[in-house]
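Q: Please take a close look at one part of this model, a single sheet together with the helices around it, and describe it step by step for someone new to protein structures.

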Amino acid sequence: MGRAIVEDALRADAEVTLFGRGKTGTDLFPQLTRLIGDRDTGDYAALHDGTWDAVVDVSGYVPRHVAQSMDALRDRVGRYLFISSHAVYQRTSVGPGSDEDAPRRPVVRDTEELDDDTYGPLKVACEDDVVARYGSRATIVRPGKVAGPHDPSDMFTYWVRRASRGGPVALPADPKQPVQIIDSRDLARLVVRLLIDERSGAFNAVGPAEPTTLGALIETCARVAGTEVEIVPVSPDVVPPLFPLVRTNWPTQQRSSARARAAGMPATPLEVTAADVLAWDRERGEPPLRNGFSPMEERALLAQQGR
């Protein structure tokens, strides 16, 4: 998402400064000022001089990261926009259409180990610290699953690539499961728009605009690729947790994006996102994916179903 945010900010004629370790993406945006530091070691020396209208924090996972960056920037930054997560929300007693006022999970501050139990509560702590420090100059964006070209997570790319091969597709879930993804470019446009408009508060960044299901998403990916698929449900017991886009708690995939839409978040059609990811994946040579079934694993599962 950082790459997409930079590209959108440049289209808006913003002056952009990059802060990172200088280990990846070093060939990107050679015209921009690049400051080198490391959140893990607490190296923020490069931020001790200069002023900025806004900062976009895309990599704050634990309170120490966020506190140290705010200590380094102090009041030399106008607005602090923190990229949070839907993992901040409580997982129970949540109905379809929940908005940004839904209850959050209890804060965790006594660990920096990120796992399914701590990731969301640590993000809650980060959110609270940003709001406590910057008040009305704080903005919180809570993305759902982000998809688009250059996505390293494989979560959407897996289905795009699998559907492009056509034929029987093993799905370890109910095809009617709701699913929400947000195109990285829509997320970027929201972030830049919120900064330009100086909006405070929290915003759910979810898409697509029209509700969809996991089965319909796979069929959309196939249609874009010009293939035909047959979805074959298989037991979810045979897959690890967080299989690409598979979620058992359906209301967490039915959150409201009304506030973000009203603030200017666009809605790229799912077909466009799928087509662009397919083109990018093919251009990079379709390297092995870390998530989802391998072709051999899927063939074995389909064989058990007589397919």
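A: Contact here means heavy atoms within 4.5 Å, while helices (H or I, at least four residues) and strands (E, at least two) are DSSP runs, numbered from the N terminus. This is a predicted model, in which local features need pLDDT of at least 70, side-chain atom pairs count only at pLDDT 80 or more, and totals for chains, interfaces and linings use all residues. Residues are numbered from 1 along each chain as its sequence is written, and side-chain values use heavy atoms, with hydrogens and water left out.

The sheet is open and parallel, with 4 strands in the order β3-β4-β5-β10, where two strands pair if DSSP finds at least two bridges between them. Its edges are β3 (52-57) and β10 (201-205), each of which pairs on one side only. Between β3 and β4 (residues 77-83) there are 5 bridges in the parallel sense, and A54 stands opposite R79 in β4.

Helix α3 (residues 119-134) packs on this sheet and touches β4 and β5 (138-143), its direction making about 165° with that of β4; such angles run from 0 to 180 degrees between N-to-C directions, with axes fitted to C-alpha atoms, for helices over the stretch in contact. Helix α5 (residues 184-196) lies across β3, β4, β5 and β10, at about 170° to β5.

In helix α2 (residues 63-73), the buried residues are P63, H65, V66, S69, M70, A72 and L73, where buried means under 20% relative accessible area, with a 1.4 Å probe and protein chains only. Their cover includes β3, β4 and α3. Just after α2, R74 takes a positive phi of about 50°.

How values were computed: Buried means under 20% relative accessible area, exposed over 50%, partly exposed in between (1.4 Å probe, protein chains only).
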